[in-house]
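Take a moment with the sequence and the fold below. We will go through a few helix contacts, one at a time.

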Amino acid sequence: MSVTTGATVRSEENLKVTRSRRNVAWTGLGAFVVVVVLALFPYIVYSGTTAIMVQGLIVLTLASMWNLLAGYAGLVSVGQQAFFGLGAYFVLIPATHGLSPFLALPIAAVGAGVVAFPLWWLVSRLRLGYFAIATWVLAEAVALFIEQIQSIGGGTGMPLPGFAGMDPTLLAAYTYWAALVVAVLAIAAVYFLLRSRLGLVLTAIRDDETAARTSGVKVGLARLLVFVVAAAGCGAAGGVLAIDQLQVVPGTSGGVFSVQWTAIMAFATIIGGLGTIEGPILGTAVYMILEQTLQSYNAWYLIILGLVAIGIALFARRGLWGLVDDRFNVRLFPVGYYLWSPGERRRPGRQAKGTAGVAG
């Protein structure tokens with residue numbers, strides 16, 4: 001399946017296909033302003049606030065990667081904590097040999113992406129629940145393997161070296177900026193992937209894999225690419241967590257291989273809106289607000305999070321951003337493919353038929 005921007009689809013109707021119905025320059029300008037404002041946070045807020053923002057940026061990166069997998073490629077993974085944990089260790093290991101942990105973040109992303117290749121070979125033929133269970137089993141296997149290596153702390157983990165003598169306030173600022181860069185790159189990667197030809201391929205696979213195959217789409221190759229990109233993003237996020245916590249612990253609650261990380265990224269994506277770039281952003285904001293407000297209530301915190309997720313799944317199937325889109329008909333990150341009728345200049349309403357846009 002191939003799409004050429006502006007190409008005539010059906011000559012008798014003279015329809016054209018474009019990647020978006022509006023100029024994306026405003027999106028780029030708005031995103032730039034937001035990033036600049038966020039980059040100034042260490043100068044205008046307390047270090048405690050930036051620490052919370054670091055957690056939020058990590059969750060945002062993870063949610064964006066999980067959304068790419070489940071929302072666009074149809075791969076519901078319950079084992080993304082494998083790459084998250086490996087990313088933390090790919091920062092720890094170079095740090096023990098004298099490399100700055102911040103400079104090790106690209107190694108974390110690349111290393112997690114490389115590991116994704118053989119793991120994909122093991123699960124590539126599985127679908128739906130079988131795929132989800134298999135990824136979880138692989139994540140547990142990876143965690144058990146890492147715990148056997150005593151030189152990097154074994155099952156108890158070890159502190160992250162490289163920051164001796166650094167001012168805590170300066171370290172907090174650097175950690176925040178690193179988390180911001182990773183989150184921005186993750187969202188940008190998803191955006192440009194979906195605006196490329198791969199975006200249409202993924203949409204076709206998600207909607208009807210059999211039809212996509214019969215149209216000549218290389219389903220396996222497209223899913224492999226998405227799996228590797230998502231793994232790299234999760235690896236970079238894991239590296240940021242290692243720097244933020246100044247230690248790497250493999251197991252137990254809150255450890256880098258804990259399944260709670262996949263639960264968090266799935267929660268943020270689902271409540272925000274699966275299959276949209278805006279969804280994980282909104283979902284992360286909601287999750288962080290709930291987490292900061294309710295964490296002192298112990299078990300009730302988890303119960304309320306669960307109730308919120310159930311309520312969204314039942315009454316807002318497209319997530320919170322879906323409600324916004326239905327009400328205001330707006331997309332901050334337009335990645336869909338649309339059909340244009342001759343002379344048409346604006347997007348038709350949702351009730352319009354025939355040339356309705358194919359939203360990404």
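At what angle do helix α4 and helix α5 pack, and how far apart are their axes? Before the reply, a word on the source. This is a predicted model, in which local features need pLDDT of at least 70, side-chain atom pairs count only at pLDDT 80 or more, and totals for chains, interfaces and linings use all residues. Residues are numbered from 1 along each chain as its sequence is written, and side-chain values use heavy atoms, without hydrogens and water.

Now the pair. Helix α4 spans residues 81–96 and helix α5 spans residues 105–123. Helices here are DSSP runs (H or I, at least four residues), numbered from the N terminus. The two pack at about 135°, with axes 8 Å apart. Axes are lines fitted to C-alpha atoms over the stretch in contact, and angles run from 0 to 180 degrees between N-to-C directions. α4 and α5 are therefore oblique to each other. Oblique is what remains once angles under 35 degrees (roughly parallel), over 145 (roughly antiparallel) and 65 to 115 (roughly perpendicular) are set aside.

Which residues make the contact? From α4 come F83, L86, G87, F90, V91 and P94. From α5 come L105, I107, A108, G111, A112, V115, A116 and L119. Contact means heavy atoms within 4.5 Å. By class, 12 of these residues are nonpolar, two are polar and none is charged. Ala, Val, Leu, Ile, Met, Phe, Trp, Tyr, Cys and Pro count as nonpolar, Asp, Glu, Lys and Arg as charged, and the others, Gly among them, as polar.

Look at F83 in helix α4. Is F83 buried or exposed? F83 is buried, with a relative accessible area of 3%. Buried means under 20% relative accessible area, and exposed over 50%, with partly exposed in between (1.4 Å probe, protein chains only). Beyond neighbours within four places in sequence, F83 is in contact with A112, A116, L119, F227, A231, C234 and G235.

A second pair lies further along. Helix α11 (residues 260–272) packs with helix α13 (residues 299–315) at about 40°, their axes 9 Å apart. α11 and α13 are therefore oblique to each other. F267, I270 and I271 of α11 meet L305, V308, A309 and I312 of α13. That contact has seven nonpolar residues, with no polar and no charged ones.
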